[in-house]
Amino acid sequence: MRSDPADYELVAPANLQEIVALLAEEPGTWLPIAGGTDVMVQYAAGKLSARKLVSIWNLPELRHIEVLADEVRIGAGCTYTDLRENETVGREFPLLVSAASWTGGIANQNRGTLGGNVVNASPAADSLPALLAYEAELILVSIRGERRVPYLDFHTDYKKTKLASDELIRDICLSRRFSEYFSYTRKVGARQAQAISKVCVAALGRLDGGKVKDVRIAVGSVAPVPLRLLETERIVQGKAIEPSLLLLAKKIAVAEIRPIDDIRSTMRYRSTVVGNLVAEFLEKLRANEPAI
Amino acid sequence: MTSNRIVGASVPRKEGRDKVTGRAQYIDDMTLPNMLYGATVRSRVPRGKIKKITFGSGIAWNEFVIVSAKDIPGKNCIVLIVDDQPCLADGIVNHPEEPILLLAHPDRHALPKAVDTISIEYEPLPAVFTIEESEEHREIIWGKDNTFKTYLVEKGDIDGVWEKADYIVEGEYRTGAQEQLYIENNGMIATYDPERGVTVWGSLQCPYYIHKALMTLCNLPADKVRVVQMETGGAFGGKEEYPSMIAGHAALLAIKSGRPVKIIYDRMEDMAATTKRHPSRTRHRTAVTKGGKILGGEIEFAVDGGAYTTLSPVVLSRGTIHAGGPYYWPNVRIRAKAMATNAPPHGAFRGFGAPQSLFAMERHMERIAQVVGLSPIEIRRRNFLQPGQTTTTEQTIREAIDLEKLLDRALELSNYHAKKQRFSKDNRMGTSKKGIGVAAFLHGAGFTGSGERNLSSVVDVEACADGSVRVLVSSTEFGQGTKTVLCQIVAETLGLEYDDVTIAQADTGEVPNSGPTVASRTVMVVGKLVQSAALGIKQTLTTSGALERSYSPAEFRTACQNYVAAHGTFRSSARFEAPSDVFWDDEKYRGEAYAAFAWAVYVAEVTVDLSTYSVSVNDLVALQEVGKVLHPVLARGQIVGGIAQGIGYTLYEKVIWQNGRMQNSQMTNYIMPTSADLPPIRVFFEEMGNIHGAFGAKGIGELPMDGPAPSIINAVEDALQVRFDAIPLLPEDIFEKLATESISKSGPHSAGGVQSQ
């Protein structure tokens with residue numbers, strides 16, 4: 001541990017109300033910490049700049065999965081293990097369950113939370129493309145009240161979000177209208193487990209009379225933010241999946257992303273692999289091969 | 001011969017119970033009264049003169065003990081082979097992460113901040129980062145010509161073979177650095193008092209290396225330095241030489257402060273600052289007949305040694321001697337050199353130069369096969385060493401090894417031929433391609449050449465007052481099974497129960513110098529000595545009349561008790577003596593390089609996914625001849641673990657260097673494989689015995705590191721029909737190579753590097 005615990009303050013208020021009050025009192029001063037799977041990594045490396053931490057771990061208000069008629073509301077404090085163990089999530093949101101199973105090891109999955117993954121806003125986070133594909137909405141709370149925002153444009157730039165400095169994510173809402181869709185997701189990491197993605201794809205699709213009726217394609221690790229490939233989706237809409245369309249979809253997908261060279265991979269590799277996986281998704285959609 | 005009652009049986013590990021119950025004491029479990037914590041201030045530049053050191057503000061510096069080079073009581077160097085590596089940089093630094101200052105403080109949390117506030121100004125000097133830059137000599141960073149060591153091996157008349165050749169096949173092969181990644185990071189505690197001198201406890205492989213280094217550094221006589229090994233959580237060679245540095249640092253802080261000092265590296269410091277496997281480059285030029293017989297060849301083997309000599313000469317030596325693989329070379333010239341670069345010194349790592357040069361050899365055999373138009377199997381068959389023939393150093397193969405038979409068994413176990421045929425058919429379709437590859441290799445056990453003679457190792461076996469028997473050696477346990485197997489050997493030799501034999505903690509205050517725990521020598525060399533010392537006990541007891549020739553374990557215990565009661569402490573020693581018929585010429589690098597070789601054929605099966613360009617290993621058959629398996633579970637564990645490490649070396653583990661500094665010094669970005677990446681590893685043994693080893697054992701610790709890389713890369717080539725000659729081979733490398741090949745369309749095997757005559 002390269003940090004000195006004496007330099008840090010940690011408070012653990014009893015309920016959500018007290019937490020949002022504290023955030024409102026000194027906006028931008030208190031860093032919420034849930035499972036700590038991101039924050040403690042920075043702490044161990046001596047790189048955690050926030051000195052005041054407020055624990056939101058295991059708050060009942062944040063740790064529940066509510067199944068409503070048209071949507072499932074996942075508390076931001078739910079862990080990956082919670083997601084993997086929930087029957088409805090398992091049945092209706094396989095993209096999210098796969099992502100949860102890919103995140104870290106068992107210990108990380110017992111501590112890491114979905115809300116934390118969203119707020120940490122890493123473009124390489126595995127669950128975020130799944131949330132994009134399911135067109136998630138977020139319920140944000142503060143002392144000022146609550147608001148519901150689409151997740152699609154929640155991330156504004158690298159590690160930046162629309163969350164105000166006095167706000168917390170309370171719920172991640174997933175519409176239940178995709179349960180009949182064909183699901184495809186693939187993580188390309190440097191190893192089979194415990195790896196940060198080089199490329200991550202989560203996609204949903206539906207055919208009608210051999211033609212694409214509706215698709216959602218989201219990618220991670222290939223832009224400053226997790227990305228929906230809206231242009232690629234538009235191009236394939238209403239078309240039959242044939243070799244010429246695959247080539248076109250590859251080309252458009254590659255044009256939509258902004259990958260970089262970094263310690264984990266190269267721009268060129270990431271571009272080509274995104275194209276390959278978009279094509280693989282469409283081929284499997286055509287063949288209706290189970291992909292998860 | 002053995003009963004398979006103890007030797008040959010998988011008895012419980014001596015230290016196993018303590019490890020699984022958490023009672024085992026590792027260095028960070030140990031605390032001494034009044035203890036300080038130490039930290040190291042390191043260089044941030046690859047090469048430069050230290051102009052100024054500024055201690056930052058906001059730190060209560062009067063609470064810190066600060067040590068610099070001028071505090072060193074003895075000579076400022078870490079003694080090993082050449083005394084060129086300072087313990088603390090004095091005026092000049094030669095690599096990033098080089099230790100410059102040491103700090104100690106009662107609160108371990110106070111240290112990282114204090115280290116961070118110290119700023120060091122340098123006058124930068126031009127630095128060298130690759131073998132090529134080093135051999136250009138544009139910048140001389142070490143000695144006269146940046147060269148730590150060279151070897152020349154010559155056999156026959158190499159200059160005469162080229163005109164007789166039907167083909168001359170050339171190739172260049174490269175291997176990268178690799179981090180040992182033991183589970184337990186490095187750590188040491190040192191104490192000092194004028195009466196007893198320096199004592200260090202730590203995580204380490206070679207107590208007497210540290211003992212020697214501390215004598216010189218602290219200017220103390222042998223009896224004023226004591227080194228004690230704590231339970232050690234893995235080493236793989238990574239705790240062979242660098243612990244001498246850490247022990248030195250802890251000792252210097254203890255001497256200056258008069259208090260015990262503990263230094264524990266975290267993972268980032270351990271990965272960035274300590275040794276790694278030597279990167280290498282091997283060039284082959286081979287004369288071959290139409291029939292695929294090797295007439296002779298030139299091999300140029302170069303390793304990147306980093307900034308100081310450390311163990312590079314010996315790593316280079318092993319790589320040189322293994323460069324010809326398990327093949328017969330009527331004529332050969334091997335030129336080898338270890339070059340200096342401004343990176344932290346590279347060091348010992350399981351295999352010790354052999355995985356590097358054997359990767360080249362086994363890739364080159366594939367190329368020769370392609371040029372000649374033979375299968376990878378046939379080319380090996382036609383060139384295998386036969387009993388009576390000589391190796392590249394003209395060591396005669398005296399044992400009845402039949403490599404063709406070994407190869408055939410490996411092919412059968414892996415279902416090689418059927419798979420090969422099926423893959424080449426199936427690969428015509430689809431985006432995933434399968435391949436299968438073979439590697440044949442050998443690994444010499446024990447120190448090279450005159451090494452064992454020079455070491456002149458000593459072991460003791462003691463008959464104790466309670467009737468039990470105790471082994472005293474400096475050979476260390478770090479997960480591989482030293483304690484267990486040495487006790488098995490003694491119990492078997494004396495006809496006792498396994499539980500009747502214990503082993504002393506490796507403490508230089510108590511145990512004799514049985515040499516370092518390296519080079520796959522412990523079971524074979526030290527085991528044989530322990531066996532002979534144990535026989536000494538039996539002989540004394542029987543000749544003194546305390547014991548009948550035939551006895552039960554209970555009678556033996558009674559005899560020991562009586563003998564110790566009558567005569568006091570009763571120890572039997574054995575010292576290594578080189579067999580008289582073993583000849584080695586250090587000048588010409590010729591003769592009996594190793595007392596024994598273990599032999600192996602590995603077969604790897606892979607799938608390459610052309611959507612992601614990633615390789616997965618689906619099956620690995622590991623067949624080896626190891627003399628005699630003394631402990632089946634531990635032996636299998638050595639092979640499986642070595643192969644896992646070898647798979648990491650081949651496909652995953654890449655050290656990302658920038659100006660001589662490791663950029664990915666965390667386990668999240670230095671990628672070692674997990675169990676999810678490993679295939680079923682199928683381990684098979686042949687046992688031919690070995691007169692030099694205890695109960696016929698040969699060394700096996702390093703052997704499994706040699707085979708995975710070439711067999712896997714040969715399999716990747718089989719899958720893609722594209723050549724890869726460097727490891728680690730990452731998906732990005734495969735992608736780039738395929739992108740280039742599909743542009744140039746020069747066919748699967750362009751003529752580059754091949755001349756037909």
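In chain B, the axes of helix H13 (residues 482-494) and helix H14 (residues 522-543) come within 9 Å of each other and cross at roughly 35°. The crossing of H13(B) past H14(B) is right-handed. These values, like the others below, are computed from a predicted model.

On the H13(B) side, the residues that meet H14(B) are B:Thr482, B:Val485, B:Leu486, B:Ile489, B:Val490, B:Thr493 and B:Leu494. Their partners in H14(B) include B:Val523, B:Val526, B:Gly527, B:Val530, B:Ala534 and B:Lys538. Sorted by class, the residues of this contact are eleven nonpolar, five polar and one charged. An α-helix has 3.6 residues a turn, so residues three or four places apart point the same way.

**Chain B as a whole**

Chain B contains 19 helices and 29 strands. Its C-alpha trace spans about 75 × 75 × 50 Å along the principal axes. A compact globule of 757 residues would have a radius of gyration near 27 Å, and the 27 Å of chain B agrees with that. Of the 757 residues, 58% count as buried. Among contacts in chain B with a separation of 6 or more, 82% are between residues 24 or more positions apart.

**Where the chains touch**

Chain A contributes 23 residues to its contact with chain B, and chain B contributes 20 residues. On the side of chain A, helix H11 (residues 267-287) supplies the largest share, six residues. That side of chain A consists of eleven nonpolar, seven polar and five charged residues.

**Chain A and its domains**

Chain A is divided into three parts: domain 1 (7-55), domain 2 (65-177) and domain 3 (180-287). Between domain 1 and domain 3 of chain A, the C-alpha centres lie 36 Å apart.

Helix H5 (residues 94-102) of chain A is largely enclosed by the rest of the structure, because eight of its nine residues are buried. The buried residues of H5(A) are A:Pro94, A:Leu95, A:Leu96, A:Val97, A:Ser98, A:Ala99, A:Ala100 and A:Trp102. They pack against helix H3 (80-85), helix H4 (87-92), helix H6 (106-111), H8, strand E11 (182-189) and strand E12 (197-208) of chain A. After H5(A) comes A:Gly104, with a positive phi near 55°.

**Two residues of chain A**

Which residues does A:Ala130 contact, leaving aside its neighbours within four places in sequence? They are A:Leu95, A:Leu96, A:Ala99, A:Thr185 and A:Ala202. A:Ala130 is placed in helix H8 of chain A, and A:Leu95, A:Leu96 and A:Ala99 are among the buried residues of H5(A).

Is A:Ala130 buried or exposed? A:Ala130 counts as buried because it has 30 C-beta neighbours inside 10 Å; the cut-off for a buried residue is 20 or more.

A:Ser122 lies in the loop between helix H7 (114-120) and helix H8 (127-133) of chain A. With 19 other C-beta atoms within 10 Å, A:Ser122 is partly exposed.

The table lists C-alpha to C-alpha distances for these two residues.

| Pair | Apart in sequence | Apart in space |
|---|---|---|
| A:Ser122 and A:Glu283 | 161 residues | 29 Å |

Note on methods
Residues are numbered from 1 along each chain as its sequence is written. Chains are lettered from A and ligands numbered from 1 in the order in which they are written. This is a predicted model: local features need pLDDT of at least 70, side-chain atom pairs count only at pLDDT 80 or more; totals for chains, interfaces and linings use all residues. Helices (H or I, at least four residues) and strands (E, at least two) are DSSP runs, numbered from the N terminus. A residue is buried if 20 or more other C-beta atoms lie within 10 Å of its own, exposed if 12 or fewer, and partly exposed in between; C-beta atoms are placed from the backbone. Domain bounds come from an automatic or database domain assignment. The radius of gyration is taken over C-alpha atoms; the globule rule is 2.2 Å times the number of residues to the power 0.38. Two residues are in contact if their C-beta atoms, placed from the backbone, lie within 7 Å. Ala, Val, Leu, Ile, Met, Phe, Trp, Tyr, Cys and Pro count as nonpolar, Asp, Glu, Lys and Arg as charged, and the others, Gly among them, as polar. Axes are lines fitted to C-alpha atoms, for helices over the stretch in contact, and angles run from 0 to 180 degrees between N-to-C directions. A crossing is left-handed if the near helix is turned anticlockwise from the far one by less than a right angle, and right-handed if clockwise.
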